[in-house]
Amino acid sequence: MTAAQINKKILVNQPNLGLVCVTASKDIRYRTITRTRYLKLSDGDRQTTLTNLYSDNISRLDKAVDFCQQHSIKLYRLPSGLFPMSDWEDNIGETILESMSAQLALIGEKAQKLGIRLVSHPDQFVVLSSDSEQVLANSIKILEGHAKVFDLLGLPRSPWALMNIHGGKSQRIDRLVEVLAQLPTYIRDRLTFENDEYSYSSAEILEVCNRSGVPMVFDAHHHICHEGLTTYDDPSVTEMFYAARETWSNSDWQLVHISNGQNSFSDRTHSDFITDMPSVYRQAPWIEIEAKAKEEAISRVEAEWLMRK
């Protein structure tokens, strides 16, 4: 164990930091397949291709849990495309994934024993506020796929194993609340909503969360971009942080996100490292580090911010 890891272990009531999907190094990478390539394959080739791909990605997910343990990282966001084509209408991927349930269950059990929290962030095609029945059906299908993976991993149907999404089309708060009430519980019980830079302000997403009973993941960088602020220590950042906390039935599970702008404070493009943090985030139990340098950025946050008195 390194000196930094030893020091981290003795910290009391400090935020747990989270890794997003892959590493800056080549340690954690995943395989994928495009829809175009998949559709060109025969049924037999689809079976073989997905069996090999899923098996490989399960091994890589297991390695990701080990990586987090070795680097004292307590939260890991699974990639949204971990099992491509598993929701395709031919049911080949779904059947293969079911056959690998034992391997997935072992990974989920290991993560829980190690105290590593597994979460997900379904892709931008999830738009629960859409008036299109086709878009809504596709959105729910995507969420069902994520929930299925979490079930196979043996993760709880609660915001501990959250599936975090955005609001989608703007000015559709009533529509969002209506759709949320109709979702199956195995999806809704894991859902969280995050404010964004364009469509849904922190206040708007907070209203959705308060009305629906779904927890809010507060993103300070999205907030300052949406509101045109010049500092993370604007009073509204602190206000929204604590307002979001109230939406969590277990405040110890509250998750927040942080990123920094690449070329300017309010640049929406993520920078390699986190050099600026909201002061109130010292009160956050869980922080996902959304920086391009991944584990290197986490190490810097630990050394330059977390360890600072």
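Mentor: Let us begin with Asn57, which has a relative accessible area of 0% and is therefore buried, since buried means under 20% relative accessible area, exposed over 50% and partly exposed in between, with a 1.4 Å probe and protein chains only. Before going on, note that this is a predicted model, in which local features need pLDDT of at least 70 and side-chain atom pairs count only at pLDDT 80 or more, while totals for chains, interfaces and linings use all residues. Residues are numbered from 1 along each chain as its sequence is written, and side-chain values use heavy atoms, with hydrogens and water left out.

Trainee: What makes the place of Asn57 a helix, and which residues does Asn57 touch?

Mentor: Asn57 lies in helix H3, residues 43-70; helices (H or I, at least four residues) and strands (E, at least two) are DSSP runs, numbered from the N terminus. Not counting residues up to four places away in sequence, Asn57 touches Tyr30, Arg31, Leu82 and Phe83, where contact means heavy atoms within 4.5 Å.

Trainee: Why is Leu153 called buried, and where is Leu153 found?

Mentor: Leu153 has a relative accessibility of 1%, and so it counts as buried. Leu153 is found in the loop between helix H6 (133-152) and strand S4 (163-165). Leaving aside neighbours within four places in sequence, the residues in contact with Leu153 include Leu61, Leu78, Leu104, Ile107 and Leu118. Between Leu153 and Ile274 there are 121 residues in sequence and 31 Å in space, C-alpha to C-alpha.

Trainee: Where is Ser72, and is Ser72 buried or exposed?

Mentor: Ser72 is in the loop between H3 and S2, and because its relative accessibility is 17%, Ser72 counts as buried. Ser72 and Leu114 are 42 residues apart in sequence and 10.0 Å apart in space, C-alpha to C-alpha.

Trainee: How many disulfides are there, and how do you know?

Mentor: A disulfide is a covalent bond between the sulfur atoms of two cysteines. The rule used here asks for a pair of cysteine sulfur atoms within 2.5 Å, and by this rule the count comes to 0 disulfides. Cys21 is in no disulfide, as the nearest cysteine sulfur, that of Cys68, is 11 Å away. Cys209 is likewise in no disulfide, with the nearest cysteine sulfur, that of Cys225, 19 Å away. With a relative accessible area of 16%, Cys21 is buried, and Cys209, at 2% relative accessibility, counts as buried too.

Trainee: What is the phi of Lys294, and why is Lys294 called buried?

Mentor: Lys294 has a positive phi of about 50 degrees although it is not a glycine. Lys294 sits in the loop between strand S8 (286-289) and helix H12 (295-306), and it counts as buried because its relative accessibility is 15%.

Trainee: Which residues of helix H11 are buried, and what do they pack against?

Mentor: In helix H11 (residues 235-245) the buried residues are Ser236, Val237, Met240, Phe241, Ala243, Ala244 and Arg245. They pack against H9, strand S6 (216-219), helix H10 (220-227) and strand S7 (255-258).

Trainee: Why is the protein called as compact as a globular protein of its length?

Mentor: The protein has 12 helices and 8 strands. Its radius of gyration is 19 Å, close to the 19 Å that the globule rule gives for 309 residues, so it is as compact as a globular protein of that length. The radius of gyration is taken over C-alpha atoms, and the globule rule is 2.2 Å times the number of residues to the power 0.38. Along its principal axes the C-alpha trace spans about 60 × 50 × 35 Å.

Trainee: What share of the 309 residues is buried?

Mentor: Buried residues make up 50% of the 309 residues in the protein. Among contacts between residues at least 6 apart in sequence, 74% join residues at least 24 apart.
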